[in-house]
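Good morning, and thank you for the time. I would ask everyone to look at the sequence and the structure together as I speak.

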Amino acid sequence: ISGILSAVVLFCLFAFKPFEEKKVIVIDAGHGGHDFGVDMHGFQEKNISEAIAKKIKAFNKDSNLEIVLLRDGDHFMGLSERVSIINNHNPDLVISLHVNASKNADTNGVEAYIASKKDFYEKSKETAEKIVNEISGENLLKRKIGEAPFFVLKNSNCPALVLEMGFLSNNNDREYLISENGQNEIATKILESVK
């Protein structure tokens, strides 16, 4: 009987995979509505960040990964409203998508910012490094991971990062950021980094 019992126990152990909790990631497309963000050469940050956010959600085929878009459409959202929605979702991670600009047209590349908040510092930093490493390459220069007291970073109850996906003020970055191919690549690489 003990042999049968052992067989039943072993069968039960291997027959049922443990329930995997869904990983929830909030993608915050920066700016929106009357808040254009960077506005240069006929292109606006709010539109680029929204386009890439939507692609991240559309490209996700992983049933264990839920992508929540904070802004799905061109409308203004206050910072408090963003944080309130983020914390209601209780996500595993928040990525706030932005586009950079500089007075120096040669300045280029991708960088990220995290809060110096102790609770989620290591996880935020590790994820930021992974994403920046993944996105940078032949099209985008790898820049730094910095710390910043941005409202969304400081007030989200989870690991969070602001991702500056390139410079609208730089010709090469801009061409990449506004192209269908560039946006598809950035979205795919962000998705790969967070799985």
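Of the 195 residues in the protein, 46% are buried, where buried means under 20% relative accessible area, exposed means over 50%, and partly exposed lies in between, with a 1.4 Å probe and protein chains only. This is a predicted model, in which local features need pLDDT of at least 70 and side-chain atom pairs count only at pLDDT 80 or more, while totals for chains, interfaces and linings use all residues. Residues are numbered from 1 along each chain as its sequence is written, and side-chain values use heavy atoms, with hydrogens and water left out.

The protein has seven helices and eight strands; these are DSSP runs numbered from the N terminus, helices being H or I of at least four residues and strands E of at least two. Among contacts with a separation of 6 or more, 79% join residues 24 or more positions apart, a contact being heavy atoms within 4.5 Å.

One example is I178, in helix α6 (residues 171–178). Leaving aside neighbours within four places in sequence, I178 is in contact with F43, I48 and Q183. I178 and F43 are 135 residues apart in sequence, yet 8.1 Å apart in space, C-alpha to C-alpha. I178 is partly exposed, at 28% relative accessible area.

I turn to the salt bridges. Side chains of opposite charge can pair when their charged atoms come close. The whole structure has 11 salt bridges, each defined as a side-chain nitrogen of Lys or Arg within 4 Å of a carboxyl oxygen of Asp or Glu.

E50 is buried at 10% relative accessible area, and R71 is buried at 1%.

A second salt bridge joins R143 and E111, at 2.7 Å from N to O. This pair links distant parts of the chain, with R143 in strand β7 (residues 142–147) and E111 in strand β6 (residues 110–114), 32 residues apart. Here R143 is partly exposed at 29%, whereas E111 is buried at 3%.

Finally, the open spaces. A pocket is an open set of points on a 1 Å grid over the protein atoms alone, with protein on both sides within 12 Å along at least five of seven lines; lining residues have an atom within 4 Å of a point. Grid points are joined across faces, edges and corners, and a volume is the space filled by probe spheres set on the points.

The largest pocket holds about 230 Å³. It is lined by 15 residues, of which H31, L79, S96, H98 and V152 are the closest to its centre. At least two lining residues come from each of α3 (79–89), β5 (93–100), α5 (151–155) and β8 (160–167).

The second largest pocket has a volume of about 170 Å³. Helices α4 (121–135) and α7 (180–194) are the elements that give two or more residues to its lining, and α4 supplies the largest share, four residues. K23, D92 and K195 are among the residues that line the second largest pocket.

Methods
On a 1 Å grid over the protein atoms alone, a cavity is a set of points where a 1.4 Å probe fits but cannot get out, and a pocket is an open set with protein on both sides within 12 Å along at least five of seven lines; lining residues have an atom within 4 Å of a point.
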